[in-house]
Amino acid sequence: MASVAQLVRKILFVDLLQGLAITIREMFTPAVTEQYPRQRSHVYERFRGEPRMGVDADGRTLCIACNLCAQVCPEHCITVQREKNPETKKFELTGYVFDMRRCMFCGFCEEICPTHCIQLTPDYELARYDVREFVLELPALERGMDKTHYRK
Amino acid sequence: MLELFKPYTEELVKIVILLALVSLAIAYLTWLERKVIGHIQSRLGPMRVGWHGLLQPIADGIKFILKEDIIPAKADRFGFVLAPLLAFIPAFIVFALIPFDGPQAFTVGGQTYSGYVADVNIALLFVMAITSICVLGLIVGGWASNSKYPLLGALRSVAQLVSYEIPMALSVMGVVMMAGSLSLVQIVLAQERLGWWFFLPQLVGFVIYFICGVAETNRNPFDLPEAEAELVGGYHTEYSGFRFALFFLAEYANMITISAVAATLFLGGWLMPFPSLFAPYLSWVPGIVWFSLKVFALLFLYLWFRGTFPRYRFDQLMGIMWKILLPVAIANILVTAGVMLYLNR
Amino acid sequence: MEALIFWSLSGLIVLFALLVVSARNPVHSAIFLVGTLLLMAGLYILLDAEFIVGVQVIVYVGGITVLYLFVISLIVLKRIPLESTLNRQWPAAVIAGLAVMVEVAFFLLKGDLFFQAFEKKKMIYGTGETAAIGRALYGPYVFPFEIATVLLLLAIIGAVLMSRKPEREQTPEP
Amino acid sequence: MSDTAPTPASTAAILNEDVMVLNMGPQHPSTHGVLRVILKLDGEKIMDLDCDIGYLHRGIEKIVEHRTYTGAAPYMDRLDYIAAVSNNLAYIGAVEKLAGIQVPPKAQYVRVILTELTRIASHLLWLGTHAMDIGALTVFLYCFREREDVLNILEMTTGARLTTNAFRVGGLAADIPDGFAAKTRAFCDIIGGRIKEYEGLLSANRIWLARTRGIGAIPADDAIAIGLSGPSLRGSGVKWDLRKASPYEAYDRFEFDIPVGANGDTYDRYQVRLEEMRQSRRIILQALDGMPEGDFRAKVPRVLKPPPGEVYHSIEAPKGELGFYLVSDGSANPYRVRIKGPSFFNLQAMRRLCVGHFVADVVAIIGTLDIVLGEIDR
């Protein structure tokens with residue numbers, strides 16, 4: 001009896017109609033597409049995107065030249081250039097190079113930074129025409145990269 | 001020389017109009033497909049060129065024409081160039097035979113014109129014949145590409161198309177028997193006389209015809225010749241630019257042909273549905289509108305199928321044809337003949 | 001007009017036929033054969049034999065040449081070197097060709113009788129061409145027609161039997 | 001490639017018959033990456049096949065010998081990039097075992113949630129691509145729509161969508177963000193219905209059944225002999241799941257079933273994975289309900305130097321058993337890292353599954369094995 005019912009269902013294309021019903025229902029539900037340049041997707045604050053260096057209220061860098069970020073970076077893309085100040089016996093930052101070509105956005109540097117100076121910000125539009133633009137120095141890191149925000 | 005063509009002015013004008021309309025219809029069928037499947041898949045489809053991507057087909061056409069014409073170095077040039085034409089031209093010829101509207105469709109300057117280019121007394125046979133030529137384009141294209149995937153695709157498609165022609169031809173025989181004519185115009189008129197469309201008495205034939213039509217046009221779930229998952233692109237893998245566009249257009253033209261023939265044979269062509277109900281209000285609607293609506297509904301089915309079903313395997317496809325469709329089509333003919341004999345006793 | 005079409009069609013048929021036999025590549029030959037057959041369908045249109053036109057295109061173009069192409073592309077797959085069409089068989093071909101020409105000439109000169117007979121048949125079975133053919137095939141000619149179907153069936157079965165591979169041991173299941 | 005080499009008789013047949021050699025890949029839409037399958041065909045029937053791998057070899061095992069134990073973790077995300085969290089968990093777990101670090105319970109629960117979410121995401125991607133290989137375009141996009149929700153949760157929690165670098169030795173990188181539980185619950189609410197939707201499109205569909213039933217069937221004995229693991233093994237009816245067999249993290253505290261198949265064919269593996277998604281949902285909900293309070297990270301020295309020794313730690317990744325074998329020489333860098341990726345072993349079954357089937361089935365079988373080339377080639 002069950003096999004007869006199965007045969008009837010098969011002849012009446014019940015299994016196929018079931019699928020067709022699902023797709024036609026989906027056709028009238030709103031699309032989930034984000035039309036990228038016009039609509040931008042919501043990025044969570046933890047997103048690890050463009051690297052930036054923080055400055056304090058007077059515009060001085062927060063970096064204390066401790067070199068921890070350079071040590072923890074698995075890809076060795078950070079170079080901290082520093083000099084020991086003979087008076088204070090402390091390191092002073094003379095330059096900072098972030099080679100974003102090799103960065104894999106693991107976030108170890110921002111995690112280890114004691115002053116929350118280096119941060120991976122949620123900015124994700126990082127495409128550039130020239131690969132040299134990915135080697136960022138201190139001014140670029142503080143100012144942010146030259147943005148190309150795509151528009152319609 | 002011009003004098004010779006004078007008696008055919010009406011036909012020539014109609015052919016020109018038809019070519020333009022059909023080309024436009026094909027172009028917008030591609031747009032429709034992308035839109036429908038997009039929405040089925042909870043996407044939007046083309047949105048950028050024009051309002052809701054309405055100019056997308058034109059942009060695509062320009063892109064195809066401007067693309068570099070690539071002929072693979074080891075391809076057979078003669079076949080490679082010829083194949084898209086072999087597929088494309090027959091696909092367009094068929095439209096000359098399809099009655100878009102009745103014998104007295106338009107009145108221009110006091111003279112009535114019919115809604116078709118030619119009423120051939122073997123029109124149905126002719127449609128079958130012309131569509132069977134399209135196969136040549138596929139196999140020559142696949143062979144001439146001199147590449148393995150296109151060849152596999154071409155061999156599949158030929159086996160598929162040649163086989164599915166058989167149940168397809170048989171499935172329309174019931175209609176031919178009921179109408180007593182092979183002329184498409186006469187078949188529609190027979191439906192008018194009968195008062196109901198042939199898809200009711202010939203439901204089995206209609207289903208078989210449509211399944212075969214899906215297979216004939218290489219559409220999902222029978223799109224094996226171009227199964228991109230296995231064969232990358234099928235017989236037109238090596239084609240690009242305008243030659244690819246010709247194959248592409250031929251496929252869509254075939255879809256329209258199959259739907260148009262199905263609408264003519266089974267859905268009453270240009271006739272109005274439920275004339276007793278609608279005739280007082282809707283008699284001003286020209287028959288071509290009804291016809292287009294029917295064709296559109298069938299085309300939508302194609303797109304809907306594509307958005308829903310997986311793909312059969314090649315041997316299963318042939319099994320369906322030989323083990324199910326062919327016997328059922330033959331049984332349909334026998335039953336129709338029996339019933340007709342009984343009724344006409 | 002009709003004469004113009006007839007002569008241009010005939011000329012093209014001869015041209016394509018020559019191309020069929022002279023093309024070195026078998027696929028090209030098959031393509032030219034398609035052209036020949038389609039042009040012949042054009043001749044049938046001139047004769048008002050529409051049914052034959054349809055059958056000609058379906059059977060010869062859509063069926064037989066497609067199968068030719070199918071087989072040829074499978075063979076070419078194995079890289080059989082292209083051969084010149086002029087091989088040792090050419091004297092036999094010339095003889096056969098001459099025989100056909102004699103036959104055609106005979107019908108052209110003395111064939112009126114046959115054509116008259118055909119006209120009579122046409123009157124008997126009606127003028128609607130498709131229906132006439134149907135009545136003829138299922139009327140007086142039903143016996144030869146059925147014989148032909150049985151022959152074709154036998155041919156199919158024979159072909160299936162011949163093409164069946166000898167039972168090879170299946171790939172062993174590990 | 002495997003222990004199922006053809007007998008000499010069939011090899012001879014291959015040489016003598018009209019065999020067409022077809023290179024499928026490394027650029028092919030259905031080989032799921034840069035896998036090259038060399039098919040020997042008789043018509044469309046597969047006489048023999050060989051898998052050529054290595055197109056995505058990056059030498060990860062060697063690279064991480066020059067990284068610190070903590071710094072090596074992001075590289076593991078690049079193995080099975082579809083289930084990066086699972087790789088991370090397996091590696092971090094191995095390091096913790098090696099260094100003897102106890103992970104706080106809250107971190108364990110979050111790890112379980114994220115790993116199970118990843119399992120769902122991985123299975124969704126598998127289902128989508130598998131269905132697309134068999135021609136069902138739409139399922140692919142539906143699956144990606146739901147996968148997007150998982151990626152959003154991952155992005156919210158870990159800061160990245162694909163290569164998440166989710167965990168740290170000793171716990172998590174950061175505490176779970178606000179709204180994590182709500183978002184995860186919302187996902188759990190919809191995914192059940194969505195799985196029903198996929199089933200409606202596929203499970204009863206005659207075309208799907210024709211393409212998957214009896215295709216690539218492998219009995220349990222052979223599956224074990226070849227070394228299959230994960231859903232590919234469970235499809236053959238072997239009830240083996242590391243989450244039950246040797247529980248890690250907090251898996252012994254959750255209730256869930258291990259779905260198994262009967263025939264070991266493509267359809268059974270499909271059913272097993274669908275059911276696994278439901279079970280993952282069950283685990284996630286239990287973990288959310290029982291989420292303990294407390295630290296998210298144990299105290300770990302900044303420069304981790306585990307004592308000399310070796311350790312093998314394996315977890316049930318979405319694709320099967322993912323194991324890490326670490327050797328420590330007492331320094332800050334691992335002396336040797338050896339990865340046992342499930343895809344590599346599952347791929348061994350290709351010839352066993354494919355021979356005798358058709359070209360079209362190869363894509364179905366590659367799909368059903370759910371391989372990721374990043375893990376095979378490493």
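This is a short tour of a predicted model, one selection at a time.

**Stop 1: chains B and D**

Start by showing chains B and D together. Five pairs of chains are in contact here, and B and D share the most contacts of them. Select the residues that take part: chain B brings 24 residues to the contact and chain D brings 34.

How much area is buried between chain B and chain D? The answer is about 2,500 Å², with carbon and sulfur atoms giving 59% of that.

Now look for polar links. Between chain B and chain D there are eight residue pairs in polar contact, counting pairs with both residues at pLDDT 80 or more. The count of salt bridges between these two chains is one. To see it, select Arg313(B) and Asp361(D): their side chains meet in a salt bridge, at 2.9 Å from N to O.

Next, colour three helices of chain B: α6 (148-171), α10 (228-231) and α14 (314-343). Each supplies at least two residues of the side of chain B that touches chain D. Which of them gives the largest share? That is α6(B), with four residues.

**Stop 2: a serine in chain B**

Find helix α5 of chain B, residues 123-144, and pick Ser132(B) inside it. Is Ser132(B) buried or exposed? With a relative accessible area of 0%, Ser132(B) is buried. Show what surrounds Ser132(B), skipping its neighbours within four places in sequence: you get Glu165(B) from chain B, plus Val57(C), Ile58(C) and Gly62(C) from chain C.

**Stop 3: a nonpolar patch on chain C**

Select Leu137(C), Tyr138(C), Tyr141(C), Val142(C), Phe143(C), Ile147(C), Val150(C), Leu151(C) and Leu154(C), and you have a nonpolar surface patch of about 880 Å². The elements that give two or more residues to this patch are α6 (129-138) and α7 (142-163) of chain C. Helix α7(C) makes the largest share, six residues. Click on Leu151(C), which sits in α7 of chain C. Leu151(C) counts as exposed because its relative accessibility is 54%, and the cut-off for exposed is over 50%.

**Stop 4: a loop and a pair in chain A**

Go to chain A and find the loop between α4 (108-112) and β4 (118-120), where His116(A) is located. His116(A) is not a glycine, yet its phi is positive, about 55°. His116(A) is also exposed, at 53% relative accessible area.

While you are in chain A, select Arg60(A) and Asp58(A). They form a salt bridge, with the closest N and O atoms 3.2 Å apart. Both Arg60(A) and Asp58(A) are exposed.

**Stop 5: salt bridges inside chain D**

A search of the whole structure finds 42 salt bridges over all chains. Why look for them at all? Side chains of opposite charge can pair when their charged atoms come close.

Select Arg378(D) and Glu61(D), whose side chains meet in a salt bridge at 2.9 Å, N to O.

Now try Arg111(D) and Glu249(D), another salt bridge, at 3.1 Å from N to O. Arg111(D) lies in helix α5 (residues 105-133) and Glu249(D) in the loop between α11 and α12, so the pair ties together parts of chain D that are 138 residues apart in sequence. Arg111(D) is buried, with 0% relative accessible area, and Glu249(D) is buried with 16%.

Notes. Residues numbered from 1 in each chain as written. Chains lettered and ligands numbered in written order. Predicted model: local features only at pLDDT ≥ 70, side-chain atom pairs only at ≥ 80, totals over all residues. Heavy atoms only, no water. Patch = residues over 30% accessible without salt bridge, like charges linked within 9 Å, V, L, I, M, F, W, Y side chains within 5 Å. Areas by Shrake-Rupley, 256 points an atom, 1.4 Å probe, with all protein chains shown as cover. Salt bridge = Lys/Arg side-chain N within 4 Å of Asp/Glu carboxyl O. Buried < 20%, exposed > 50% of the residue type's maximum accessible area, 1.4 Å probe, protein only. Contact = heavy atoms within 4.5 Å. Buried area = accessible area lost by both parts, 1.4 Å probe. Polar contact = N/O pair within 3.5 Å; in protein donor to acceptor, adjacent residues only side chain to side chain.
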